Amino acid sequence: MKFSLLSAASVGVLCAAMSAAALDPIVIKGSKFFNEKTGEQFFFKGIAYQPRTGFKGETMDPLADTVGCKRDIEVFKDLGINSIRVYEVDYTKNHDTCMKLLEDAGIYLMLDMPSPKYSINRKQPYWDHDMMSHWVAKVDAFSKYPNLVAWLAGNEVANDVETTPSAAFVKAAIRDMKAYLKKKGYKTPVGYADNDDMHIRMNLINYFNCGDKDTRADFYGVNIYRWCGDETDFKTSGYEDVTKNMTDYAIPSLLTEYGCNLVRPRTFPELKSLYGSDMANTFSGGIMYEYSEEDNKYGIVSVNYGDSKVEKNGDYENLKKALKDAKPKTIKSADYKPSGKDSVCPKSSDTWLVKSDVLPPTPSAARCKCMMDSLGCTLKKEELTADEGKAVGEAVGFICGKTSCSEISYDTVKGNYGNFVACDPVQRSAWAINKNYLNQNKAKCEVKGADTKTVGSPKQEDQAVCLKEKDDIGNVGSPSTNTGDDKNTSGGSSKTSNNEKEDEESETGSSKNASSPMSVQPLATLLASAVALFYLF
């Protein structure tokens with residue numbers, strides 16, 4: 001843009017714009033967020049941003065839709081927000097334009113690490129090299145932006161008692177992604193967002209704030225939809241109880257989603273408590289769900305992908321006013337003395353199906369490749385069709401119902417994780433197929449519905465050697481935490497570690513071990529669906 005003359009007012013506007021563009025880093029001290037340069041306390045005044053109407057394609061990415069960004073950032077500025085939460089992006093696309101526009105508007109980004117295809121499944125949890133590599137690619141793509149304020153490693157993954165085993169895999173993912181961020185010199189914190197389920201919430205709150213600091217969440221988010229309309233208040237909504245749950249918490253907490261829509265238009269009375277004396281000393285603000293009106297009817301505007309038009313509804317002005325009136329009392333970083341306490345890890349019980357002091361292993365592509373190189377009977381293809389995946393899953397389920405598959409299995413209650421539980425579904429399936437091959441004295445190498453092959457002289461004779469391979473962070477390998485006795489090598493030595501556990505992609509099925517209601521079900525009921533589901537994406 002060319003200027004022939006700059007008035008004093010123009011210079012002021014230009015300087016203000018330049019100042020707004022240089023967003024300061026937001027850092028954590030104790031249970032609060034602070035501006036690293038000014039020392040001012042930071043409260044999230046955000047909105048969930050994932051427009052879906054009119055989208056055509058495979059991966060939704062509002063930060064790659066420049067038309068939408070230019071349209072919506074003007075609305076963001078009018079609303080007075082300082083942050084957005086985005087759930088899904090395509091990290092292979094260019095986001096420079098949108099991220100710079102957000103930065104210039106003084107808006108930070110909270111981004112979820114998972115995507116629909118590469119996320120920890122609550123019923124069939126696993127954490128492997130393939131999933132981690134996609135998370136790493138997203139981290140690398142967005143860590144260059146100064147207005148990236150936080151990562152979320154999971155959103156409402158465990159949402160009832162039966163799905164609490166998934167929490168172990170989320171925490172393992174937090175451990176590994178924090179290690180990767182540290183290795184790369186990135187400083188963005190990694191958190192988790194829960195679903196406020198009354199039966200498991202305290203266990204989750206304690207679990208992600210206990211144990212080694214390298215494995216804990218850096219902050220904790222609560223998705224809450226209890227405060228519905230003006231007739232509800234701080235006490236009757238349950239917000240008072242939620243606030244008590246987080247008192248004396250050692251890490252920051254915030255509402256990663258809020259905005260009950262049972263009464264519309266919404267007036268957002270909860271913001272008086274969230275940013276007032278009721279909650280501001282405990283919570284660091286929140287993210288209102290959500291920006292665009294979709295089928296679930298939570299939006300404040302109607303927009304379409306690639307279209308510059310915006311239609312505001314009755315909620316819009318109410319949120320704008322509530323945010324404008326929100327003036328939390330702050331404290332300077334230098335004056336703040338953290339007093340939060342580390343949580344005590346929850347013990348395994350009928351309502352918490354996790355041994356809290358043991359986590360699934362860090363993925364290791366090298367370990368899994370070494371294991372594959374030891375097999376005398378394996379699958380011909382590394383990628384299966386949906387039909388082949390279903391056939392392999394059923395076969396492996398049958399095999400592991402007849403023989404021990406603890407090397408590719410896990411039991412979160414006992415804290416047992418097999419040495420190859422972090423390998424991908426095809427690799428774990430190949431391990432089981434080879435186990436069956438050895439059990440039959442190498443008489444048959446076949447799976448109905450999928451092509452297999454025999455390997456006369458495998459490159460690796462001893463799977464125990466594979467355990468020494470480095471993991472994907474670069475740590476020297478070591479056995480996983482299990483006590484079993486699987487012998488599954490193609491040669492005659494049958495040497496292997498005695499550490500074993502269940503399938504990382506497994507789903508809790510229908511027939512639990514009668515003597516231990518918290519044990520994982522036999523793989524006969526697990527992999528038939530797990531492998532097939534993986535390849536249906």
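**Entry 1: terms and model.** A helix here is a DSSP run (H or I) of at least four residues and a strand is a run (E) of at least two, both numbered from the N terminus. I note at the outset that the model is predicted.

**Entry 2: the barrel.** I looked up how the strands are arranged. Eight strands close into a barrel, in the order β4-β5-β6-β7-β8-β9-β10-β11, and their pairing is parallel. From one strand to the next, the twist averages 25 degrees. For background, I recorded that strands of a sheet pair through backbone hydrogen bonds, in either a parallel or an antiparallel way.

**Entry 3: β4 and β5.** Strand β4 covers residues 44-48 and strand β5 covers residues 83-86; three bridges pair them in the parallel sense. I found A48 opposite R85 in β5.

**Entry 4: strand β7.** Is β7 mostly buried or exposed? I used the cut-off that a buried residue has under 20% relative accessible area. Seven of the eight residues in β7 (residues 148-155) are buried, so the strand is largely enclosed by the rest of the structure.

I next followed β7 to its two partners. On one side, strand β6 (residues 108-112) runs parallel to β7 and is joined to it by four bridges. Within this pair, L109 has L148 of β7 as its bridge partner. The chain passes from β6 to β7 through helix α4 (residues 129-142), and this β-α-β crossover is right-handed.

β7 also runs parallel to strand β8 (residues 190-194), with three bridges between them. Here I saw W151 opposite V190 in β8. Together with helix α5 (residues 166-184), β7 and β8 make a right-handed β-α-β unit.

**Entry 5: the largest pocket.** I asked how much space lies in the largest pocket. The computed value is about 970 Å³. The pocket is lined by 37 residues, and Y186, K187, T188, P189 and D218 are the closest to its centre. The elements that give two or more residues to this lining are β1 (26-29), β7 and α5. Helix α5 gives the most, with six residues. I sorted the lining by class and recorded 18 nonpolar, seven polar and 12 charged residues.

**Entry 6: the second largest pocket.** I repeated the search for the second largest pocket, which holds about 790 Å³ of space. Its lining has 31 residues, and those nearest its centre are E382, E383, D424, V426 and Q427. Two or more residues come from each of α4, α10 (365-372), β14 (377-379) and α12 (425-439). Which of the elements gives the most to this lining? I found that α10 does, with four residues. By class, the lining divides into 16 nonpolar, four polar and 11 charged residues.

I note that α4, the helix of the crossover from β6 to β7, is among the elements lining the second largest pocket. β7 and α5, for their part, are among those lining the largest pocket.

**Entry 7: residue F55.** Finally, I located F55, which lies in the loop between β4 and α2 (66-79).

Methods. Residues are numbered from 1 along each chain as its sequence is written. This is a predicted model: local features need pLDDT of at least 70, side-chain atom pairs count only at pLDDT 80 or more; totals for chains, interfaces and linings use all residues. Side-chain values use heavy atoms; hydrogens and water are left out. Buried means under 20% relative accessible area, exposed over 50%, partly exposed in between (1.4 Å probe, protein chains only). Two strands pair if DSSP finds at least two bridges between them. A crossover is right-handed if, with the strands pointing away from the viewer, the path from the first strand over the helix to the second runs clockwise. On a 1 Å grid over the protein atoms alone, a cavity is a set of points where a 1.4 Å probe fits but cannot get out, and a pocket is an open set with protein on both sides within 12 Å along at least five of seven lines; lining residues have an atom within 4 Å of a point. Grid points are joined across faces, edges and corners, and a volume is the space filled by probe spheres set on the points. Ala, Val, Leu, Ile, Met, Phe, Trp, Tyr, Cys and Pro count as nonpolar, Asp, Glu, Lys and Arg as charged, and the others, Gly among them, as polar. Axes are lines fitted to C-alpha atoms, for helices over the stretch in contact, and angles run from 0 to 180 degrees between N-to-C directions.
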